[in-house]
Amino acid sequence: MNLKNRRLELNLTLEDVGNYVGVGKSTVRKWENGDITNMKRDKIVSLSKILKLDPLDIIDPNNELSNRNNRYIKAVISGMNRLSNERQKNVKNYVDSQLDEQENSKISENISSIPVVHNSAVAANPTELTYGDTVLQDEEFERIPDNADLAIPVIGDSMEPTIKNGGLVFIHEQPIIENGEIAVVEIDGEGTTCKKVYFDYSNKEIILKSINPKYPDRHINSDRIRIIGKVVL
């Protein structure tokens with residue numbers, strides 16, 4: 001329903017409508033141009049009365065809602081108009097609770113699980129490398145990156161700010177990575193660490209770089225390093 005055309009059909013001016021609804025002419029003109037985003041419920045009701053329209057014709061002028069939804073919304077709006085202010089508040093509170101429940105349900109639907117290492121940690125700092133038998137336990141997360149195979153806790157601040165001390169990194173298990181990618185690697189005789197990995201083929205070395213600039217690069221013979229997987233963010 002075109003609000004301007006309806007107003008002209010009833011021989012009403014912008015001022016007539018504005019005075020009845022309790023707004024200025026510029027606001028009425030804005031509504032007629034389709035900007036009803038912040039239109040309050042009481043204004044919708046008043047405007048529908050002076051234009052002799054169903055409130056839904058104002059909320060959904062292009063009939064974009066399905067017929068089923070139209071029926072329910074019309075019934076709710078019609079009923080709301082006959083309720084006292086206190087009962088209207090009760091209806092609003094119930095609608096709010098239903099919306100909260102719906103949003104929580106969406107979150108639950110998106111939750112998935114992935115194995116998490118519990119008795120060992122990847123060290124971001126070389127001085128904190130540790131060994132330990134790996135024990136995995138599935139845990140649930142709202143967001144798991146694509147291709148992630150497991151999650152590992154990180155100790156140390158050498159990969160901050162990208163990877164926080166005490167946080168988890170998700171990794172995709174793969175023995176080969178591209179130059180400059182962040183990976184979890186095992187250093188023979190030391191343990192595991194999380195670093196940016198660069199390959200120096202001429203010297204048969206792998207360079208492990210921290211993101212935190214206070215930590216120096218480590219140059220390690222490539223025979224001593226096993227790539228466990230790529231970090232996926």
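Figure 1. With 27% relative accessibility, Lys209 falls in the partly exposed class (buried is under 20% relative accessible area, exposed is over 50%, and partly exposed is in between, using a 1.4 Å probe and protein chains only). This is a predicted model, where local features need pLDDT of at least 70 and side-chain atom pairs count only at pLDDT 80 or more, while totals for chains, interfaces and linings use all residues. Residues are numbered from 1 along each chain as its sequence is written, and side-chain values use heavy atoms, with hydrogens and water left out. Lys209 belongs to strand E8, residues 205-209 (helices are DSSP runs of H or I with at least four residues, strands are runs of E with at least two, and both are numbered from the N terminus). Setting aside residues up to four places away in sequence, Lys209 touches Met159, Lys195, Lys196, Tyr198 and Asp217 (contact means heavy atoms within 4.5 Å). With Asp217, the Lys209 side chain also makes a side-chain polar contact of 2.6 Å (a polar contact is a pair of N or O atoms within 3.5 Å; within protein, one must be able to donate a hydrogen and the other to accept it, and residues adjacent in sequence count only if both atoms are side-chain atoms). Look for Ser158 as well: 51 residues away along the chain, its C-alpha atom is 9.0 Å from that of Lys209.

**Figure 2. Tyr198, a contact partner of Lys209.** Here we are in strand E7, residues 191-200, where Tyr198 is found. Tyr198 is another partly exposed residue, at 25% relative accessibility. Which residues is Tyr198 in contact with, leaving aside its neighbours within four places in sequence? They are Asn179, Gly180, Glu205, Ile206, Ile207 and Lys209. Asn179 is 19 residues from Tyr198 along the chain, with 5.0 Å between the two C-alpha atoms.

**Figure 3. The buried face of helix H2.** H2 covers residues 14-21, and its buried residues are Leu14, Val17, Gly18 and Val21. Down the H2 axis these fall within an arc of 100°, so they line one face of the helix (the arc is that of the directions from the helix axis to the C-beta atoms). Helix H1 (3-9), helix H3 (25-32) and helix H4 (41-50) are among what covers them. Just past the end of H2, Gly22 has a positive phi of about 95°.

**Figure 4. H2 meets H3.** Two packed helices are described by the angle between their axes and the distance between the axes. For H2 and H3, the angle is about 105° and the axes are 8 Å apart (axes are lines fitted to C-alpha atoms, for helices over the stretch in contact, and angles run from 0 to 180 degrees between N-to-C directions). That puts H2 roughly perpendicular to H3 (under 35 degrees is roughly parallel, over 145 roughly antiparallel, 65 to 115 roughly perpendicular, and the rest oblique). H2 brings Leu14, Glu15, Val17, Gly18 and Val21 to the contact, and H3 brings Lys25, Val28, Arg29, Trp31 and Glu32. By class, the residues of this contact are 5 nonpolar, 1 polar and 4 charged (Ala, Val, Leu, Ile, Met, Phe, Trp, Tyr, Cys and Pro count as nonpolar, Asp, Glu, Lys and Arg as charged, and the others, Gly among them, as polar).

**Figure 5. The buried side of H3.** Val28, Trp31 and Glu32 are buried in H3. Their arc around the axis is only 100°, so they are on the same side of H3. Their cover includes H1, H2 and H4. Just after H3 comes Gly34, with a positive phi of about 100°.

Figure 6. Most residues other than glycine have a negative phi, and most peptide bonds are trans. Lys52 is not a glycine, yet has a positive phi of about 55°; look for Lys52 in the loop between H4 and helix H5 (55-59). Lys52 is exposed, with a relative accessible area of 62%. Lys204, also not a glycine, has a positive phi near 55° and is found in the loop between E7 and E8. Lys204 counts as exposed too, at 59% relative accessibility. The peptide bond between Glu160 and Pro161 is cis, with omega about 10°, and Pro161 is in the loop between strand E4 (150-155) and strand E5 (168-173).
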